[in-house]
Amino acid sequence: MGDLNLTSDLPFWTVRNGLLRVYPPLDRDIRCDALVIGGGISGALLARRLTRRGVDCVVIDRRDIGFGSTSASTALLQYEIDTPLHELQHRVGPQAAERAYRAGLESIERLEKLAGRQCDFAMRPSFQVATRRADVAGLRKEYELRRQLRFPVSWLDRKELRECGIVAHGALRSRVAAEVDPYRLTHRLLRLACEGGLRVLDRTTAVRYEQARGSVRVMTDRGHTIRCRRVFFSTGYETQDILPDTVVTFKSTYAFVSEPIADPCWWKDRALIWGRAILMFMRVRRGATAFWWVERTIMFSIRRGGMGRLRRRRGGWCASFTRCFRI
Ligand SMILES: Cc1cc2nc3c(=O)[nH]c(=O)nc-3n(C[C@H](O)[C@H](O)[C@H](O)COP(=O)(O)OP(=O)(O)OC[C@H]3O[C@@H](n4cnc5c(N)ncnc54)[C@H](O)[C@@H]3O)c2cc1C
């Protein structure tokens, strides 16, 4: 075997795009109405929204902009949240649950407008596959509910899936889903917001917070402070650092990126494919690089150029998810 580099601490999007823009670090004490801590996609969306509403806003990030988990994301845009609608109904009631799902649906359209033409935004169908027979009943229940509420979904059985080249027991197909370059989108949003008066400071870490009446004082690693009326924590996975109690523990997450594929026509409709059995998400990017994201500590069995058991078969392609991994 030649030089096989299986692990890297370089996230795909930053390698692909490089440093799109640098911002200065904080070098004096400042004031603002709203401070957003974290310049990933969440912070960028929030800062743009606030700035458009005329709020005097500052974004800080301890790294370069977009270098948090945004730069490692596979950036599948799905309106589904992690909890299936039928389960969410039990937790928050049918109306609130439906509202959450509809908000997700609308957000994909909005993101398309926000992304413009430079962020590789593309609408894609999404297949949530039942890789184990035991998962079919739950997925089917989810499908029936969403169909009843007129969400844009259809059901694919084993045979129909095989025609798409997928080996699984059934799948819920959502018509509305998309993919994007999340790093570019983050930079684009911040650039647009800066035109409206946003101040962005990177390589600036918030280390301490003090609340006074009507304001918050945020101390940074270089000794300067930011006094603001409101502070928003868009600190992604690192939010745990500032919480008094432990609400989350982390397992390993892996993003696999293949070499460019000459012609991915066998990847039916370039669909987004995901499953809950081993929380896994896959897509083939414009420009034809496949990548997928697996959340758990796993052993990955590699065959043929890193594509695992994804293999061409009868002109279609076959993804045998559960068998593709030795867990
Ligand atoms: C491998 C992988 C794949 C993923 N794929 C998807 C996907 O396909 N679809 C999807 O929707 N989601 C995906 N996610 C989740 C993804 O991370 C989020 O959707 C999104 O990118 C989170 O953005 P964020 O802005 O909230 O967090 P981040 O991008 O992590 O941004 C948080 C920022 O806060 C900064 N920060 C933290 N603490 C401080 C501090 N004290 N002071 C200053 N700055 C600070 C960090 O430097 C960072 O830049 C994936 C995650 C991983 C790890």
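The structure is a predicted model, in which local features need pLDDT of at least 70, side-chain atom pairs count only at pLDDT 80 or more, and totals for chains, interfaces and linings use all residues. Residues are numbered from 1 along each chain as its sequence is written. Helices (H or I, at least four residues) and strands (E, at least two) are DSSP runs, numbered from the N terminus. A residue counts as buried if 20 or more other C-beta atoms lie within 10 Å of its own, as exposed if 12 or fewer do, and as partly exposed in between, with C-beta atoms placed from the backbone.

Helix α7 itself comprises 14 residues, 182-195. From its first C-alpha to its last it reaches 20 Å, close to the 20 Å expected at 1.5 Å a residue, where the expected span is 1.5 Å times one less than the number of residues. The helix is mostly covered, with ten of its 14 residues buried. These are P182, Y183, R184, L185, T186, H187, R188, L189, L190 and A193. Just after α7, G197 takes a positive phi of about 110°.

Just after α4, G116 adopts a positive phi of about 60°.

The ligand is surrounded by 32 residues, of which the closest are G38, G40, G68, S69 and G236; a residue is near a molecule if its C-beta atom, placed from the backbone, lies within 6 Å of it. Helix α2 gives the largest share of this shell, three residues, and β13 (253-260) also supplies at least two. By class, the shell has 13 nonpolar, 15 polar and four charged residues. Here Ala, Val, Leu, Ile, Met, Phe, Trp, Tyr, Cys and Pro count as nonpolar, Asp, Glu, Lys and Arg as charged, and the others, Gly among them, as polar. Because domain 1 (12-73 + 183-242) and domain 2 (120-179 + 251-326) both give residues to the shell, the ligand lies between them. The domain bounds come from an automatic or database domain assignment.

Two individual residues illustrate contrasting surroundings. R146, in helix α5 (residues 136-148), is buried because 20 other C-beta atoms lie within 10 Å. It touches L85, F151 and V153, not counting residues up to four places away in sequence; two residues are in contact if their C-beta atoms, placed from the backbone, lie within 7 Å. L10, in the segment before α1, is exposed, since 9 other C-beta atoms lie within 10 Å. The C-alpha atoms of L10 and F67 are separated by 9.7 Å, although the two residues are 57 residues apart along the chain.

The protein as a whole contains eight helices and 20 strands, and buried residues make up 35% of its 327 residues. The average pLDDT, the predictor's confidence in each residue from 0 to 100, is 83, and 81% of the residues score at least 70. Over residues 295-327 the pLDDT is below 50, and this stretch has 63 contacts in the model beyond near neighbours in sequence. Where pLDDT is low, the predicted coordinates should not be read in detail.
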